[in-house]
Amino acid sequence: MSQIGPIFRALMRNKVGALLIALQVAVTMTIIVNAIHLINARGDLMGRSSGLDEANQFYVTSVGYANDFDAPYVIDTDLGGIRQLPSVDDAVQINAIPMSNGGWSMGLQTKAGEGENSVPTALYMTDEHGLNTLDVELIAGENFKATEISYRDRNTRDWPQSVILTEALAKSLFPDLSPTEIVGQTVYIQSNEPLTIIGIMDHLQAPWTGWTTVNHSMLVPNKFDSPYSRYLVRAKPGQREQAIEQVEQFMKQREVGRMVRETETMTQVRMDSYRGDSALQAILWTIIVVLCIITALGIVGLVSFSINRRRRQIGTRRALGAQKADIMSYFLTENVMITSVGVILGIAGSIALNMWLVSSFNLPRLSYIYLPIAMIAMWTIGLFAVWGPALRAAQISPAIATRNV
Amino acid sequence: MLVMNNITKVFRTETVETHALKQFSLTVNEGDFVAVTGPSGSGKTTFLNIAGLLESFDDGEYTLDGRSVKNLNDKQLSQLRNEKIGFIFQSFNLIPDLNLFDNVDVPLRYRKLSKAERKERIEHSLDVVGLANRMRHLPSQLSGGQQQRVAIARALAGNPLFLLADEPTGNLDSKMADSVMSLLEEINQSGTTIVMVTHDLSQAERAHRHIQVLDGQVTEQKRGAPELATVNA
Ligand SMILES: Nc1ncnc2c1ncn2[C@@H]1O[C@H](COP(=O)(O)OP(=O)(O)O)[C@@H](O)[C@H]1O
Ligand SMILES: [Mg+2]
């Protein structure tokens, strides 16, 4: 380390190669910082809770084909039977599966009338088993009563009277009221049709994971009279495999003129829903690794080249008393200097690129904790890359100082 | 203070063995100015490299300043080179990216000297070679003779026991060679031991002693009177 001054001055006389490596480090750091930021931002999205008991849930699809198919009868007896199965905790018919990217949305407003402000929400139709099957807790008010549940079909236009809202939706409708105060309030659907809020549930995601109001969901006490029907089943903890088997077996052995199709676990639904995000993360990681390797190779190349060019100089230094460790430390120090310039440029670059991403793609702002981490990473890559060539430089014999090669 | 006894050095490559030094014996005393001549390939540089601890040898004894160097490790050898030996090379071997001050500083940096002391030594030794006013110049801005003077200043700055010079004037024209030669004589007169390889017999005459290396051995050794050297100058 006693050589910092002369190393720096010698470096200033060979700026081009060093500057190219510094730029490479800067670009790599800029991309790495923002890539990790994107990876983590995706991770945050993927890590959001759906509100469900995903590990124990699955859905199964039933499609009636018989001419005399009686949907309400089949649905009610299916659910009655499924709920009796030993590995099943609870089950409901539901119109949309959370995270599946398919479902229904409606607008709710606190004042009746066309043109009033309305708040978008996902709409789930369930019976009084909905809360338990979904694994959603009430934080105020109460659940639907069995007597409130009605069947609707394609042509039904009006809505049941009572609804249960997520806390996020309730807060967005009534920002100034507490959950207990919100219970009993009236909201309007389809501009003018009043609904009474009977309960507030803690959390339930809408089916669309990319939706800005993904936490806006409501339950209405409906079942859907249609030959096409989906049951969401919640198994007893750890018994999903058995439950799937038992539910399928139970449904298939009933001769009611329908086919049992498409069983999918909620774990699978989540994976499908975030497949694009996982792929993006994998691509970004690949880019990071490849860039690090390219940078390391660039450093290896530059240092090897400069060592070959300076063989005689290294031999001379050895002849003048440099120990092997001095030669090592010369190249390590030189490398830290070059990397440091790159890292400083990299900080500026990282922030600039992030500002551009924030303004162009509405991405979250960079957390500054990434910067020191990336700096250390770049220094480590630099030292790692320079180590081998520096070790070889230290092996250069002092005798070459006098040999005319 | 430099005693070599039956030193043997063999270079082995895949196909050939070169016996560069065979039973090479030589004693250099304090204050000596020894000129080494001999045909190309006779082993002069090999002798100088071994004397300067740049190269190991296969057999024999080498005692430097009363200490056998045979079993020293690389670190100890580096320290000895740094503290006891000053090197002067045929092609100067200055570091092109460093100015004269930093060049002379190179060996001093490998010792634990204070910054002030290094500065004083650098300025003094550049003064001795007459280049104190060019300290911030780069080697490429100097003539060959001046560059060799810087190399001599670098060798002197560490206060070595002796200077080893391998054809120090080999790359210089006769005028510059003469001035470098005079500088070496001055340095020797102020007490520094010098061993110098040269192919120039008139220079060899100017040294106190003139030895000849032939086929890896010291074959001829004659003492020249210091007065003779002065007459020839
Ligand atoms: N590193 C080496 N490998 C193989 N042979 C060498 C090496 N260095 C010197 N030699 C051989 O040793 C002999 C003596 O060389 P050297 O001491 O350089 O002679 P001089 O300096 O007198 O010209 C020569 O034959 C030379 O080719
Ligand atoms: Mg030679």
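This is a predicted model: local features need pLDDT of at least 70, side-chain atom pairs count only at pLDDT 80 or more; totals for chains, interfaces and linings use all residues.

Next, who takes part. Chain B puts 29 residues into the contact, and chain A puts in 26 residues. For polar contacts between chain B and chain A, the count is 14 residue pairs, with both residues at pLDDT 80 or more. Three helices of chain B, namely helix 1 (44-51), helix 2 (74-84) and helix 3 (100-109), each supply at least two residues to the side that touches chain A. Helix 2 of chain B gives the most to that side, with six residues. Sorted by type, the residues on the side of chain B that touches chain A come to 11 nonpolar, nine polar and nine charged.

Then the charged pairs. Across the interface of chain B and chain A there are three salt bridges. R318(A) and D74(B) meet in a salt bridge through their side chains, at 2.7 Å, N to O.

On to the ligand. Which chains surround ligand 1? Residues from chains A and B do, so the site is shared between chains. From chain A there is R403(A). From chain B the surrounding residues include F11(B), T18(B), P39(B), K44(B), T45(B) and T46(B). R403(A) has a polar side-chain atom 2.6 Å from an oxygen atom of ligand 1. For T45(B), a polar side-chain atom lies 2.7 Å from an oxygen atom of the ligand. K44(B) comes in with its backbone instead: an N or O atom there lies 2.9 Å from an oxygen atom of ligand 1.

Last, chain A by itself.

Over all chains, the salt bridges come to 26. Within chain A, the side chains of R270(A) and E54(A) meet in a salt bridge at 2.6 Å, N to O. R270(A) sits in helix 8 (residues 266-273) and E54(A) in the loop between helix 2 (15-47) and strand 1 (57-64) of chain A, so the pair ties together parts that are 216 residues apart in sequence.

That is what I have; questions are welcome.

Terms used: Residues are numbered from 1 along each chain as its sequence is written. Chains are lettered from A and ligands numbered from 1 in the order in which they are written. Side-chain values use heavy atoms; hydrogens and water are left out. Contact means heavy atoms within 4.5 Å. A salt bridge is a side-chain nitrogen of Lys or Arg within 4 Å of a carboxyl oxygen of Asp or Glu. A polar contact is a pair of N or O atoms within 3.5 Å; within protein, one must be able to donate a hydrogen and the other to accept it, and residues adjacent in sequence count only if both atoms are side-chain atoms. Helices (H or I, at least four residues) and strands (E, at least two) are DSSP runs, numbered from the N terminus. Ala, Val, Leu, Ile, Met, Phe, Trp, Tyr, Cys and Pro count as nonpolar, Asp, Glu, Lys and Arg as charged, and the others, Gly among them, as polar. A residue is near a molecule or strand if one of its heavy atoms lies within 4 Å of it.
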